[in-house]
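Here are my quick notes on this one. Have a look at the fold first, then read on.

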Amino acid sequence: MTGVRDDVSVGFHKGFDDQENEVTIPSLEVESGALPAWLSGTLLRNGPARFRLENGTLNHWFDGLAMLHRFDMADGCVSYTNRFLDTPARRAVQDGKLRYSEFATDPCRSLFRRIAQQFVGTRFGANANVTVGRIADEFVAQTEVPMPVAFDKDTLDTIGVLGYEDRLKGQLTTAHPHYDRDQGLAYNYLLKFGAKSSYGVYELPDGSRTRRLVGEADVRKPSYMHSFAISAKYAILMEFPLVVSPLRMLLSGKPFIENYRWEPERGTRFSIVDLGTGAVTHAHTGEAWFGFHHVNAVDRGDDVIDLDIIVYPDAGVVQHFYLESLLDGPNHNVFPASELRRFTIDVATGAVTARTLVDHAADLPRINYAYNTKPYRYVYANGIAERGRSMFPDTIVKFDVESGGVKEWRHDNHFPGEPVFVARPDADGEDDGVLLNVVLDANTETSYLLLLDARDLSEIARARVPQHVPLGFHGTYVPTAPTGR
Ligand code: CO
């Protein structure tokens, strides 16, 4: 009976209830406001929707079975569709079995079975529950094993694991590729485990399934990195001191993330790959940080990079997101402190200086992506209304990286998801557009699509889904082509 507090809201628990109900609703009730007439397109979102299985419960928020959600907006109306991603992981559950390894749950108890199964393809069940992206001509659901799962954007029917047409090898990647729209390239990296491990940064031309290696950085103990950054000239990997010994990963018999160790004495290393030449350099700071989401990186003059990222003082946030901690833990398990921090990296010398840009706990940051790699001012994210009183993000925030200022949208016992920025046509400035947010209303145990004006976070409209949308991760907005499909 220790630590139970009644001033900590646990309404977010509803967002971890399984959602088995797959629906198609042609027209959601727009219960307040009106959608802008210019808004014509589709919000696709990804996230976990089932944790409780016949033979046990998945351990962690990141483990839940992937569900896709589709909000289609046109002529002031919104339709909604949700479907589970149809993967080997999902089918095994339907057979009543937990058979595949997830982020923090591993059913493979036998050492010999583990080695025989290797990493990719058999051990992981393609439970791609993190982001939605595009590869070649397909929409794909993505996670941190390099097995993107293609799906039909209109029906959300699963097509299958998308195969690459190259020989690049690696066991881990990020669900957060970057896009250089001027050059028609996507960037990501592959982590190759071995006697010599390496991060291989690659580029993937639009419309292609053939990845090309840009540069490769060797690493002895790989870091757990959920994302990375690109500037105009470089790919930057911030190597947090949450690290793994490759041999331990193979042999330990533990779930994926439990093989990683927090070694703060290492400080934080940066691997920097020149996107033009492939040359690799490193930088280092004695500060130990952990983070999930790089926000932006901008080249400043000669070989100096400003890298902005949401960081935590340690990796405790990974523990925080275990269901045992979130749902059954004492209510003093408040959301860990984070900040938006700028690391200024001198590529020539490897020197790093840093400062706090915005001192306000938040995560799931997004920017107006047209400003990626460019000087920018605004970050949108999910924040914490009152530090020390919330176990889960409960606001939408807008950070001004120039002033350190914070704007906030909140509603008691409502839990918003990642804000996705959509620019107004012929926009006048970086923040001229709307934010699309899926909000869990814990009072009615339903969710709604919330549209905010990105300039001041004032409400534009709410469209209600008659059931709850489990708390998920990332989404993307796809404008309707002017000529139709
Ligand atoms: Co992410």
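What share of the contacts with a separation of 6 or more comes from residues 24 or more positions apart?

1. In the protein chain that share is 60%, with contact meaning heavy atoms within 4.5 Å.

2. A word on the source: this is a predicted model, where local features need pLDDT of at least 70, side-chain atom pairs count only at pLDDT 80 or more, and totals for chains, interfaces and linings use all residues. Numbering runs from 1 along each chain as its sequence is written, and side-chain values use heavy atoms, with hydrogens and water left out.

3. I get 5 helices and 35 strands for the protein chain (DSSP runs: H or I of at least four residues for helices, E of at least two for strands, numbered from the N terminus).

4. The C-alpha atoms fill a box of roughly 55 × 55 × 55 Å along the principal axes.

5. Buried residues make up 60% of the 485, buried being under 20% relative accessible area with a 1.4 Å probe, protein chains only.

6. On to the cores (buried Ala, Val, Leu, Ile, Met, Phe, Trp, Tyr and Cys joined through side-chain atoms within 4.5 Å). The largest has 94 residues, and F16, I257, Y260, F270 and F290 touch the most other members. Strand 17 (residues 234-239) gives the most to this core, with 5 residues. Another core, of 22 residues, lies apart from it and includes L39, Y80, L451 and V465.

Key
Buried < 20%, exposed > 50% of the residue type's maximum accessible area, 1.4 Å probe, protein only.
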